[in-house]
Structures are given as structure tokens and as C-alpha cells.
Amino acid sequence: MVFIDHTPENQDKSFLGVPVLGKITNLKSDKNQKAIVGIGSNEARKKLVNRFNFDWINAIHPFSSIADDVKLGRGNVICAGSIVQTGAIIGNHVILNTRASVDHHCKVDDFCHLAGAHLAGRSILEEGVFMALGSTILPKLLVKKWAIIGAGSVVSRNVEEGDIMFGAPAKVKLKNTMGWTNLRKSMLDGGRQDPAVNRGSDSYCDRQGR
Ligand SMILES: CC(C)(COP(=O)(O)OP(=O)(O)OC[C@H]1O[C@@H](n2cnc3c(N)ncnc32)[C@H](O)[C@@H]1OP(=O)(O)O)[C@@H](O)C(=O)NCCC(=O)NCCS
């Protein structure tokens, strides 16, 4: 097992005995090789998954709990303390970070990230939704694509595509217009800085736990 990490200071290091083999730019697709993308930014994760062809596997912490009938896709990271309850559907390349919970009959679509957040029964997260630390979504709600729910927020209404919500009850504060074409090209292009990457998108990527 190895890490691929683009951070310059992590080259030639190892973490928990697992060595860093090199940067993303050194990586070549190999569909016989098992791999997982653990980058917290939903946009960056999607970009990398679309760029490389690997045998995407799930990484599931032994101290997580997943009900027997849960439908789980590929490339998911399920961290310690996370709980996925009966009837839930988890797509592909989802991160359930430490102590996240997905309650009964919820659907979490591809490239979502729940950072210690809580999704109540029968709620739906569409693609790329980020729920920041300690946020909560009340039952039977729909959160549309690429919305961001701020830390500690309580969502009590459906959320429109790309909305950024804070507070309890959560209100729309901003529109997430970055999409995933506007992410940190510097990482993907071998460390070259790209002036087209604006401060806003950098800021969101960092705050999403990369
Ligand atoms: C949603 C989020 C990413 C937005 O970040 P941002 O757009 O850069 O927001 P800023 O930090 O610039 O804050 C803008 C304003 O909103 C306020 N604000 C930001 N997040 C807030 C929150 N969760 N609840 C209430 N107010 C919040 C700030 O205080 C600031 O107010 P001000 O203008 O009066 O000073 C960020 O709020 C967040 O929740 N970060 C946590 C990410 C996380 O959970 N990471 C863990 C990954 S493992």
C-alpha cells in the first residue's frame, strides 16, 4: 500500500508506516490496481476520478457501522464512528468523515462529503454536496447538487443547487458558482500556479479539509 500526495513537504515521507510514492503527476492509470481518492474537496475528487482509471475500492474503518441492507457504491471512504442505517444508498466516491451519520432510507449521491455531519431519515443529497462539521439536515429533505452546508447549521427546508447555507435554521448566504472546472489546477498541473483559480475556490477547497 502507498500514498500518492501532491504536497511538496510530504514527498519521501511515510504515514503510519505507509510511504508516499510521489505526486499525482507521476500517476498512471492501471485498472488492475486498487485505489481510492481521499481528497476532501468534492470537486478535486471528481476531477481525479474522471482523470484516472483504477479499480476503485471502499475504505471502511472497523469502528464504523453499516446496516446489512445498505447499498454502497465504489471508492467511498467511511471513517471511524460513522453510522449508515438501514435502507440507505451511498453512491460512489463519497466521504463519511469522522462520526458522520446517514439515517434510514437516505440517499447520498456521488462525490458528497459529510464532515461529522448528520443526515436524518429519508433525506437526499444530490451529487457533490458538502456538509461541514456538525451540520444537520432534518428528515425527508432534498439538497441539490454541489450545495454547501456550513458548520453547525440546521437545514429545515429543501436546498437549491449550489446554495451555500449557514445558521440554524440555515439560510442561503452565497451561491457556489465554482463548479469543479474552477478547482486548484496547480495541483493537477504539476505545481504550476494558475491565475484563473480564484481565491474563493482555493478558500473552499482548504476549508473542506484537503
Ligand atoms: C461553509 C464554509 C466552507 C464557508 O466558508 P467561507 O465562505 O470561506 O466563509 P467565511 O469564513 O469567509 O465567512 C463568511 C461569513 O460567514 C460567517 N460564517 C462562516 N461559516 C459560518 C457558519 N458555519 N455558521 C455561521 N456563520 C458562518 C463568518 O463568520 C463570516 O461572517 P462575517 O462576514 O460577519 O465575518 C465554512 O463556513 C465552514 O463551514 N467550514 C467548515 C469546513 C469543515 O467542516 N471542514 C472539516 C473538513 S474535515
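This is a predicted model: local features need pLDDT of at least 70, side-chain atom pairs count only at pLDDT 80 or more; totals for chains, interfaces and linings use all residues.

**A loop residue and the sheet beyond**

Guide: Let's start with Asp 69, which counts as exposed because it has 9 C-beta neighbours inside 10 Å. Residues are numbered from 1 along each chain as its sequence is written.

Asp 69 sits in the loop between strand S7 (65–66) and strand S8 (71–72). Helices (H or I, at least four residues) and strands (E, at least two) are DSSP runs, numbered from the N terminus. Leaving out residues up to four places away in sequence, Asp 69 touches Thr 86 and Gly 87; a contact means that two C-beta atoms, placed from the backbone, lie within 7 Å. Val 84 is 15 residues from Asp 69 in sequence, and their C-alpha atoms are 10.0 Å apart in space.

Now let's step back to the chain. It holds three helices and 24 strands, and buried residues make up 35% of its 210 residues. Of the contacts with a separation of 6 or more, 16% are between residues 24 or more positions apart.

Eight of the strands form an open sheet of mixed pairing, in the order S6-S9-S12-S15-S18-S21-S23-S24. Strand S6 (59–60) and S24 stand at its edges with a single partner strand each, so one side of each is left without a neighbour in the sheet. Two strands pair if DSSP finds at least two bridges between them.

S21 and S23 run parallel and are joined by two bridges, with Ile 149 standing opposite Met 165 in S23. Asp 163 has Lys 175 of S24 as its bridge partner, Met 165 has Val 172, and Phe 166 stands opposite Lys 171. The hairpin of S23 and S24 has four residues between the strands, and Gly 167 takes a positive phi there, near 100 degrees. Pro 169 is also in the loop between S23 and S24, and a cis peptide bond with omega of about -5 degrees joins Pro 169 to Ala 168.

Two other loops have a positive phi in a residue other than glycine. Arg 122, with phi near 65 degrees, lies between strand S16 (118–119) and strand S17 (124–125). It is partly exposed because it has 15 C-beta neighbours inside 10 Å. Lys 140, with phi near 60 degrees, lies between strand S19 (136–137) and strand S20 (142–143). Its 13 other C-beta atoms within 10 Å are why Lys 140 is partly exposed too.

Finally, the interior. In soluble globular proteins, nonpolar side chains tend to be buried together. A nonpolar core here is a set of buried Ala, Val, Leu, Ile, Met, Phe, Trp, Tyr and Cys residues joined through C-beta atoms within 7 Å. The largest one has 35 residues, and Leu 96, Val 102, Leu 114, Val 129, Met 131 and Ile 149 have the most contacts inside it. Strands S9 (77–78), S12 (95–96), S18 (130–131), S21 (148–149) and S23 (163–166) each supply at least two of its residues. Beyond its neighbours within four places in sequence, Met 131 is in contact with Leu 114, Ala 115, Ala 117 and Ile 149. Another core lies apart, with five residues, among them Val 37, Ala 44, Leu 48 and Val 49. Helix H1 (residues 42–51) is mostly covered, with eight of its ten residues buried. Ala 44, Leu 48 and Val 49 are among those buried residues, which also include Arg 45 and Lys 46.

Technical notes:
A residue is buried if 20 or more other C-beta atoms lie within 10 Å of its own, exposed if 12 or fewer, and partly exposed in between; C-beta atoms are placed from the backbone.
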